[in-house]
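Student: I have a model open and I'd like to learn how to read it. Can you walk me through?

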Amino acid sequence: MKIKGSKKFNLRDYNELVDLSDYEMTIKQAVMAKCKECCGFSSKEAILCNAKDCALHKLYQRYVSKSVTKIKKDTNDSI
């Protein structure tokens with residue numbers, strides 16, 4: 001399911017607060033954009049977020065479960 005809009009959404013370009021109502025995006029992209037916004041536009045912080053009381057936490061974890069494992073392994077290797 002896609003959210004209709006006139007512009008194509010690219011999560012990598014989402015680095016400041018803008019009106020997203022004109023963008024066409026999937027539900028996954030919308031959830032990831034909101035999480036990135038909540039974490040100060042840092043993708044890495046959004047992936048590592050552990051706010052279990054957040055309404056989007058379970059959805060976000062489902063969408064990025066492989067990324068979380070990879071980043072946690074990389075972080076542990078450098079310590």
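Tutor: The protein chain has 3 helices and 3 strands, where helices (H or I, at least four residues) and strands (E, at least two) are DSSP runs numbered from the N terminus. This is a predicted model, where local features need pLDDT of at least 70, side-chain atom pairs count only at pLDDT 80 or more, and totals for chains, interfaces and linings use all residues. Residues are numbered from 1 along each chain as its sequence is written, and side-chain values use heavy atoms, with hydrogens and water left out.

Student: Which pattern does the protein chain follow along the sequence?

Tutor: Going along the sequence, you read β-β-β-α-α-α.

Student: How much of the protein chain counts as buried?

Tutor: Buried means under 20% relative accessible area, exposed over 50%, and partly exposed in between (1.4 Å probe, protein chains only). Here 19% of the 79 residues are buried.

Student: Which residues is Leu56 in contact with, leaving aside its neighbours within four places in sequence?

Tutor: Contact means heavy atoms within 4.5 Å. With those neighbours set aside, Leu56 touches Val31, Lys34 and Cys35. Leu56 and Lys34 are 22 residues apart along the chain, with 8.7 Å between their C-alpha atoms. Leu56 belongs to the loop between helix H2 (43-48) and helix H3 (57-78).
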